[in-house]
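Hi everyone, thanks for coming. Please have a look at the model on the screen, and then we'll walk through a few spots together.

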Amino acid sequence: MEDHLPQSVRVERRPVSEHESRAANGPDWDRYADEYQATHGTFLGDAGFVWGPEGHTEDELGILGDVAGLDVLEVGSGAGQCSRWVRTHGGRGFGLDLSHRQLQHSLRLDAETGVAVPSVRGTATALPYAPGSFDVVFCSFGALQFVSDIDVAVGEVARVLRPGGRFAFSVTHPTRWMFPDDPGEAGLTATQSYWDRTPYVEVDDATGVVSYVEHHRTLGDWVRLLAAHDFRLVDLVEPEWPEHHDRVWGGWSRTRGLLTPGTAIFVAHLPG
């Protein structure tokens, strides 16, 4: 479901373990980070907060609310753009990412903007923080889609949040998995079952090694995952395609976005 598929890779749909997912996606993002930041950096903003390819920002949607004075963790932080936005709005933003190269870009933007985001290399399934460390945990199209052991990851978020804490994340809208990852009209025809949760896998033809993995959950799966860890779902935002937005990003486009949602943003709270 990404926009960097090289010619030497074949696509499969098959079960993939957490170990295999992590071993594939960390190096993949290391390889892709330079191209990703060069292609999308201006759109994202050095200290910007974009929730998805539609371009809706946190300033516009207010998903996190007022972050001033709060401890905020971004899981799958990439170059730290969203966490840098948190810091410019008075919050204490921290980043975590699996990709070493993405974190190098975060250090570059720290220096260029003068807004430093303390960040660590780690995985969503083993957050290196003490229980009750944060008021908010969020994830903007990062980490969660690449995790096989998603129950463990959501449990880790619940562990590091304080009572009453907020968890918000955006993912590819689950209904999008019925359609080919094509921004044109071919991407408007459903070709597989919405309930087929078999992961999307890219395999290097030369070595046979899995090089990229993305996992699919239905809307109901996400609701049950949150409820199982005592989260209360307070909102599910399905951003509409903006009237004058013409950017194509992988399978996201105006052609598709005017007809079907491409992003789902879940907002949940722990009991106070």
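Val-203 stands opposite Val-210 in strand E8. Strands here are DSSP runs of E with at least two residues, helices are runs of H or I with at least four, and both are numbered from the N terminus. This is a predicted model, where local features need pLDDT of at least 70 and side-chain atom pairs count only at pLDDT 80 or more, while totals for chains, interfaces and linings use all residues. Residues are numbered from 1 along each chain as its sequence is written, and side-chain values use heavy atoms, leaving out hydrogens and water.

Back to our strands. E7, residues 200-204, pairs with E8 in the antiparallel sense over 4 bridges; to count as a pair, two strands need at least two bridges found by DSSP. They belong to an open sheet of 3 strands, in the order E1-E7-E8, with antiparallel pairing. Strands E1 (9-13) and E8 (210-214) each have a single partner strand, so one side of each is left without a neighbour in the sheet.

Next, Pro-239, in the loop between strand E9 (232-237) and helix H7 (254-257). Is Pro-239 buried or exposed? Its relative accessibility is 9%, so Pro-239 counts as buried; the cut-offs are under 20% for buried, over 50% for exposed and partly exposed in between, with a 1.4 Å probe and protein chains only. Leaving aside residues up to four places away in sequence, Pro-239 touches Glu-54, His-56, Thr-263 and Ile-265, where contact means heavy atoms within 4.5 Å.

Finally, Leu-259 sits in the loop between H7 and strand E10 (263-269). Leu-259 is exposed, at 65% relative accessible area.
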